[in-house]
Amino acid sequence: MKQGFFEKLSSYLVPIAGRLNNNRYLSVLRDAFMLSFPLTIFGSIVVVLMNLPFLDKMMSESSLNTFRSAFNIAPQATMNIMTIFVVFGIGYYLSKSYNVEAVFGGAIALASFLILTPFFLEVEGKEAIQNVISVDRLGAKGMFLGMIVAFTSTEIYRFLVQKDLTIKMPAGVPPAVAKSFSALIPAVITLTVFLGINILVTQLFKTNMHDVIYHLVQAPLVNLGSGIIPTLIAVFAIQLLWFFGLHGQIIINSVMDPIWNTLAIENLNSYTKTGEVPHIISKPFMEIYTVGMGGTGMTLAVVIAILLFMKSKQMKQVAKLGLGPGIFNVNEPIIFGLPIVMNPLIIVPWVLAPIVATLVSYFAMSTGIVPPPTGVTVPWTVPIFINGMMATNSLAGGILQLVNFFIVLAIWFPFLRIIDRVNVLKEKESNRENESKEKEKDNKVS
C-alpha cells in the first residue's frame, strides 16, 4: 500500500523535477553562479582573515585598521561585484547552449548590463559624482537586473546569429577577425535595443532600470526568500526530490540561489562596513546548516549512529564506507547504499530532521544566541564545526552545528533501530540458509 503510494507520487514528481533539472535557463543560471564560485571563495577567505576574533588583542587599533584596509580590496574585487561574473557567465553559457560564439555572448550581455547602469554616484547634499559606478550596482543590488538583461540580450544575440544576420569574411581571414565581424551586426542591434531602453527610462521617467527592477522585482522576492516559511518549503522539496533519486539541490537551488546569493552579498556588505548581519537566511545559512553537516539530509549523524549503536553487518559496512566522504559532506554512499532513495521506512526522518534543524538554527540566530552567517562563502567540503565557525566568525556557529547533529541523531535513532532489527533478522535467516546448504553439501560428499 505504502509502496504503491510512493510509486504513484513518484510518477507525478519525477517528470516535473526532470523538466526543471533539464531546463536550459536554470542550467545556465547554475553554471553562471559556479563561474563566480572560486572568486567568491578567495574573497571569503580574505574576509575571514580580516575579521578573526583575536586580531584586536594582537594588534593595536591603528595596525588593525591598516591591515584591514590593505586586504579589503580582495572582497571588493570578487564578492562585491559578483553580478558582473554572473552576467558574463549567463551570456557565455546560454550562447554555448545554442552553439553560437559564447565569448561574444558573454561580452554583449555584460555591455548591455553596463548600458543600463548609472555612471554617476549621488551624494546627499552634494552634486552627483560623474563617471563612476556605485559598487552595490555591480553586487547585490544589481543582481536581478543583471540576470534579466543577460538572458534577454543573449537571446537577441543568438536569434540574430541564427537568422544569419552576420558579416561573412573570406576564407583566408584569421579566425579571430572573422568571428569579430560575424558578431558585429548582432552586437550592434542588441546593444542598440538596450541603449533605447535606457534612454526611454532615464529621459522620460527620470529614473534608471536598476532602481525599477530592484523595487518592483528584487526587493519583494528577497524579502520573501529571507522568510523561514519559504525556506522550510525549499528544504522539504530538496529532501523529497532526493528521496526519489533526483538531485534536490541542483533543482531547487537553481530557482532559489539568486535570492539566497543576493541575501549573502547584502550580509557581507553590511558585515564589512558595520559588523551587523541583516539577514538570517542566506546562501551560507543553507549550505552550512543543512548540507554542511554530512551532506544532504545531515547524514553524518546517521553514519555515527549506525557505527555506535546498530548491529546489522550490512548497515555497518555501508556506514564505514560513508564515514570518510561524510566528514567532507559527500553522502551518496549513504543515500544509495543504506538506501534512502525510495525507502518508505526512512522518508519520515529524512524529511523531518533537516526541517527541525533549520528551525532550531533560525530560532538560535533570531534570538541572538548564535550570530547569523556573515555572508562569506565557505567551501562545501569543509567539515562540520569548522565550517560553522568560519561562516559565522564565531565559536557559537560551530556549537550550534553540534546541537543540530544530536537533534538529527535523535530523530533518526528509532527508525534506524527498526531497520537494524529487520536487517539483523534477514542476516540471521541468510546465515541459517547458508549453514543448511553447507550441511547438505557435506552430507552429499560423505
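At what angle do helix H14 and helix H18 pack? The legends below take up this question and others for a predicted model.

**Figure 1. Helix H14 packs against helix H18.** The answer is an angle of about 125 degrees. H14 covers residues 283-291, and H18 covers residues 347-366. Their axes lie 10 Å apart. Angles of 65 to 115 degrees count as roughly perpendicular and those over 145 as roughly antiparallel, so H14 and H18 are oblique to each other. Their crossing is right-handed. H14 brings Phe285, Tyr289 and Thr290 to the contact. H18 brings Thr358, Ser361, Tyr362 and Met365.

**Figure 2. The whole protein chain gives the setting for the close-ups.** The chain has 446 residues, and 47% of them count as buried. Its secondary structure comes to 20 helices and two strands. The C-alpha trace spans about 95 × 65 × 40 Å along its principal axes. Take the contacts between residues at least 6 apart in sequence: 71% of these join residues at least 24 apart.

**Figure 3. Phe67 and Phe71 form a ring pair in helix H5.** A pair of aromatic rings is described by the distance of the centres and the angle of the planes. The count of aromatic pairs comes to nine. In the pair of Phe67 and Phe71, the ring centres are 4.8 Å apart and the planes meet at 45 degrees. That makes the pair tilted, because planes under 30 degrees apart count as stacked and those over 60 as edge-to-face. Helix H5 runs over residues 61-71. Phe67 and Phe71 are four residues apart in this helix, so about one helical turn separates them. Phe67 is partly exposed, at 22% relative accessibility. Phe71 is also partly exposed, at 38%.

**Figure 4. Phe243 and Phe244 make an edge-to-face pair.** Their ring centres lie 5.2 Å apart. Their planes stand at 85 degrees, so the pair is edge-to-face. Are these residues buried or exposed? Phe243 is buried, with a relative accessible area of 0%. Phe244 is buried too, with 9%.

**Figure 5. Other rings join a cluster or sit under a charge.** Ring pairs link Phe88, Tyr92 and Tyr93 into a cluster. At Tyr98, the charged end of Arg158 sits over the ring, 4.3 Å from its centre. At Tyr214, Lys141 lies over the face of the ring. Here the distance to the ring centre is 5.4 Å.

**Figure 6. Asn99 and Met298 have positive phi angles.** Most residues other than glycine have a negative phi, and most peptide bonds are trans. Asn99 is not a glycine, yet its phi is about 60 degrees. Asn99 belongs to the loop between helix H7 (82-97) and helix H8 (102-115). With a relative accessible area of 72%, Asn99 is exposed. Met298 is not a glycine either, and its phi is about 55 degrees. Met298 is found in the loop between H14 and helix H15 (300-309). At 1% relative accessibility, Met298 counts as buried.

**Figure 7. A cis peptide bond leads from Leu338 to Pro339.** Which value does omega come near at this bond? Omega is near -5 degrees. Pro339 lies in the loop between helix H17 (332-337) and H18. H18 is also one of the helices in the H14 and H18 packing.

How values were computed
Residues are numbered from 1 along each chain as its sequence is written. This is a predicted model: local features need pLDDT of at least 70, side-chain atom pairs count only at pLDDT 80 or more; totals for chains, interfaces and linings use all residues. Side-chain values use heavy atoms; hydrogens and water are left out. Rings of Phe, Tyr and Trp (its six-membered ring) pair if their centres lie within 6.5 Å; planes under 30 degrees apart count as stacked, over 60 as edge-to-face and the rest as tilted. Buried means under 20% relative accessible area, exposed over 50%, partly exposed in between (1.4 Å probe, protein chains only). A charge sits over a ring if NZ of Lys or CZ of Arg is within 6 Å of the ring centre and within 35 degrees of the ring normal. Axes are lines fitted to C-alpha atoms, for helices over the stretch in contact, and angles run from 0 to 180 degrees between N-to-C directions. Angles under 35 degrees count as roughly parallel, over 145 as roughly antiparallel, 65 to 115 as roughly perpendicular and the rest as oblique. A crossing is left-handed if the near helix is turned anticlockwise from the far one by less than a right angle, and right-handed if clockwise. Contact means heavy atoms within 4.5 Å.
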